[in-house]
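Please read the points below with the model open beside them. They cover the contact between the chains, the charged pairs, a few backbone details and the annotated positions.

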Amino acid sequence: MAHPDELETLTKAFSGHGIHEQALISILGKWQPEEKKSFRKGNPNLFIEDERNFERWDDRHVRLLKHEFMRFKNAVVLWTMHPWERDARLVKEALKKGPQSYRILIEISCTRSADELLGTRRAYHSLFDHSIEEDVAYHVNGSERKLFVALVSAYRYEGSKVKEDIAKSEAMTLSNAIKEADNRKPIEDDEVIRILSTRSKPHLQAIYKHYNEISGKNIDEELDIDLRLKETVQCLCSPQKYFSKVLDTALTKDTDKNIKKALTRVIVTRADTDMKQIKQEYNNQFGVPLSKKVEDTTNGNYKDFLLTLIARGG
Amino acid sequence: MVSLKVPELVPSPAEDAEQLRKAFQGWGTNEALIISILAHRNAAQRKIIRETYAQTYGEDLLKDLDKELSSDFERAVLLWVLDPAERDAFLANEATKRLTSNNWIVMEIACTRSSHDLFVVRQAYHARFKRSLEEDVAYHTSGDFRKLLVPLVTSFRYEGDEVNMTLAKSEAKILHEKISNKAYNDEEIIRILTTRSKSQINATLNHYNNAFGNAINKDLKTDPEDEYLKLLRATIKCLTCPEKYFEKVLRLAINKLGTDEWALTRVVTTRAEVDMQRIKEEYHRRNSVPLERAIDSDTSGDYEKMLLALIGHGDA
């Protein structure tokens with residue numbers, strides 16, 4: 001009979017993000033046939049009772065397991081990749097997956113520096129023989145297209161010089177567009193797109209401040225009517241807040257496999273950028289250190305790799 | 001092909017800088033000397049001359065030129081001395097300012113430069129004007145013009161020759177459909193023209209012609225006075241056959257009552273190191289008169305001499 005502790009450890013080794021390789025080796029590797037059988041019988045979510053009297057691996061779960069085994073490999077490959085290739089491939093994948101992944105387009109076009117985005121556009125040419133904007137325009141339909149094409153095409157000024165009077169008037173423009181949301185969707189408003197896709201980040205942060213002074217609320221709080229615009233504003237003005245939120249959602253147990261992938265993506269892409277601030281923000285928002293949450297939710301080599309990356313920033 | 005003529009044995013940048021300094025000294029200016037040097041140096045050489053001049057005399061060559069020269073000749077020399085990316089950034093910025101507002105210049109720069117060169121222009125724009133090119137273009141345009149121009153200046157087209165014929169057919173069909181419905185500012189038309197590679201657009205428009213009987217620009221001529229349609233037709237021309245576009249700009253600039261010196265200067269200084277030879281051939285073909293002769297009869301003095309030197313007339 002298998003020891004209950006071992007059973008529990010092994011079940012945990014197969015669930016969550018990644019695989020606990022050591023547990024599988026040390027426990028599963030030494031189990032006798034009866035112990036394996038009691039594991040199979042005790043896990044109806046992994047094994048189905050077949051009519052011909054044996055416990056059968058659930059196909060769907062085997063496929064999910066494949067993803068979990070690959071999680072470490074994917075993290076390593078993504079981490080080693082040149083950032084330009086990495087971002088270009090992430091964009092391509094997001095376009096293929098469709099609307100549920102479009103937030104990645106916003107993330108990449110809004111949280112990278114102007115030159116990083118340019119590098120990504122160059123790499124895209126090499127990898128896919130098309131320009132990023134032509135593929136985004138081709139695959140995205142509807143009201144989001146204008147915004148996304150504009151965002152991936154931007155080459156924002158990176159200096160700190162801001163014209164406060166223009167920022168103030170543009171905050172007003174945005175406020176009016178949001179008020180008029182019932183008559184006209186803000187994401188289709190040319191002025192909203194112009195401001196969000198061409199102005200520099202310091203300028204947008206000034207707009208964020210003025211907006212608060214004008215309407216008493218933060219602009220992203222008022223953009224629940226349009227999640228894309230909300231994500232855009234968050235990525236441009238307060239990326240660490242955005243990322244810590246994405247991490248928290250990804251670290252929930254039993255989430256959708258696409259949401260899970262965000263964990264690898266965010267940690268790998270931010271480890272050498274603003275991971276330190278993201279950790280602070282995460283702790284502020286959720287009262288728990290990010291590393292602890294990762295420790296509790298992930299397994300094995302994948303876990304160790306992520307924790308190492310998170311610790312890099314200090 | 002380039003029309004600029006550079007001598008076989010080029011003097012050192014220090015010698016050039018010294019001669020230019022001499023050209024400014026005393027009463028008046030030795031314009032012939034300025035032309036003989038600057039109009040026969042390429043962009044890389046001009047850049048070093050500017051740096052050498054600044055190091056030796058502590059002043060910016062451009063500022064000294066500005067002080068010493070006047071009007072059309074000055075503008076031609078000033079534009080010529082600027083590094084190509086700076087020049088395009090300067091012209092684009094001028095074009096967005098209200099009084100000199102000219103959507104065509106922005107479109108011209110966006111469509112006739114390579115993807116790489118257009119990007120360097122955007123970088124030069126940051127450095128000089130502390131804003132992005134797209135934010136200024138977006139801010140100073142509206143409606144259909146903005147819809148067309150902003151994606152044009154922000155494009156980073158794939159530059160390969162690969163063409164997808166199936167896509168060419170389907171996109172030619174889309175273009176034809178939108179044009180037949182007079183939806184000239186439709187998102188699909190803008191998407192195709194502002195994101196596809198130049199080779200792909202060429203294939204699509206060739207297919208358009210084969211399948212629907214008319215070249216696309218013919219179908220876009222429904223209202224000859226519509227400014228947006230004019231810009232759209234010019235965009236297509238710039239993307240597919242820039243020499244013809246530039247020939248027309250030159251022709252209109254020269255034939256106009258008086259002359260549109262700004263357009264003439266712009267085309268000559270921006271194309272002398274790119275495809276002026278081909279533009280000259282196109283001009284001759286279309287007007288039965290060599291470009292040199294047309295410029296000679298329409299302009300005079302140092303301005304004329306500068307232009308002629310840049311288009312390759314005479315020796316290095």
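**Notes on the predicted model**

1. B:Glu59 has a relative accessibility of 33% and therefore counts as partly exposed. This value, like every other one in this note, comes from a predicted model. The side chain of B:Glu59 meets that of B:Arg21 in a salt bridge, with 3.3 Å from N to O. Because B:Glu59 sits in the loop between helix 3 (43–57) and helix 4 (61–68) of chain B while B:Arg21 belongs to helix 1 of chain B, the pair ties together parts that are 38 residues apart in sequence.

2. Over all chains, the structure holds 60 salt bridges. In chain A, one of them joins A:Lys30 to A:Glu6, whose closest N and O atoms are 2.8 Å apart. A:Lys30 lies in the loop between helix 2 (21–28) and helix 3 (33–41) of chain A, and A:Glu6 in helix 1 (residues 4–13) of chain A, so this pair connects parts that are 24 residues apart in sequence. The two partners can be described separately: A:Lys30 is partly exposed at 47% relative accessibility, whereas A:Glu6 is buried, with a relative accessible area of 18%.

3. A further salt bridge in chain A is formed by A:Glu170 and A:Arg194, with 3.1 Å between the closest N and O atoms. A:Glu170 is in helix 10 of chain A and A:Arg194 in helix 11 of chain A, so that distant parts of the chain, 24 residues apart, are linked by the pair. Are these two residues buried or exposed? Both A:Glu170 and A:Arg194 are buried.

4. Turning to the interface, 30 residues of chain A are in contact with 28 residues of chain B. Between them the two chains bury about 2800 Å², of which 55% is on carbon and sulfur atoms. Of the area that chain A buries against chain B, 23% is supplied by A:Glu134, A:Tyr155 and A:Tyr157, which is more than any other three residues supply.

5. How many polar contacts and salt bridges join chain A and chain B? There are 19 residue pairs in polar contact, counting those with both residues at pLDDT 80 or more, and the rule finds 5 salt bridges across the interface. In one of these bridges B:Glu187 pairs with A:Arg145, the closest N and O atoms being 3.9 Å apart; the salt-bridge criterion is a separation within 4 Å. On the side of chain A that touches chain B, the elements giving two or more residues are helix 7 (114–128), helix 8 (132–139), helix 9 (144–153), helix 10 (164–179) and helix 11 (190–198) of chain A. Helix 7 of chain A provides the largest share, 5 residues, and the residues of this side divide into 7 nonpolar, 6 polar and 17 charged.

6. Most residues other than glycine have a negative phi. B:Lys130, however, has a positive phi near 55°; this residue is placed in the loop between helix 8 (115–129) and helix 9 (133–140) of chain B and is partly exposed, at 35% relative accessibility. B:Ser288 also has a positive phi, near 60°, and is found in the loop between helix 18 (276–287) and helix 19 (291–298) of chain B, where it is exposed with a relative accessible area of 60%.

7. A:Thr297 lies in helix 17 (residues 290–297) of chain A and is buried, with a relative accessible area of 5%. A polar atom of the side chain of A:Thr297 is 2.6 Å from the backbone oxygen of A:Lys293. Beyond its neighbours within four places in sequence, A:Thr297 is in contact with A:Gly16, A:His17, A:Leu251 and A:Lys253.

8. The unreviewed UniProt entry lists residues of chain B under "binding site", among them B:Phe24 and B:Lys256. B:Phe24 lies in helix 1 (residues 13–24) of chain B and counts as buried, at 8% relative accessibility. Leaving out residues up to four places away in sequence, B:Phe24 touches residues including B:Tyr53, B:Leu65 and B:Glu68. B:Lys256 is in the loop between helix 16 (242–255) and helix 17 (261–271) of chain B, and is partly exposed at 46% relative accessibility.

Technical notes. Residues are numbered from 1 along each chain as its sequence is written. Chains are lettered from A and ligands numbered from 1 in the order in which they are written. This is a predicted model: local features need pLDDT of at least 70, side-chain atom pairs count only at pLDDT 80 or more; totals for chains, interfaces and linings use all residues. Side-chain values use heavy atoms; hydrogens and water are left out. UniProt positions are given in the numbering used here, feature names are shortened, and annotations may be inferred rather than shown by experiment. Helices (H or I, at least four residues) and strands (E, at least two) are DSSP runs, numbered from the N terminus. Buried means under 20% relative accessible area, exposed over 50%, partly exposed in between (1.4 Å probe, protein chains only). Contact means heavy atoms within 4.5 Å. Buried area is the accessible area (1.4 Å probe) that two parts lose on being put together, summed over both. A polar contact is a pair of N or O atoms within 3.5 Å; within protein, one must be able to donate a hydrogen and the other to accept it, and residues adjacent in sequence count only if both atoms are side-chain atoms. Ala, Val, Leu, Ile, Met, Phe, Trp, Tyr, Cys and Pro count as nonpolar, Asp, Glu, Lys and Arg as charged, and the others, Gly among them, as polar.
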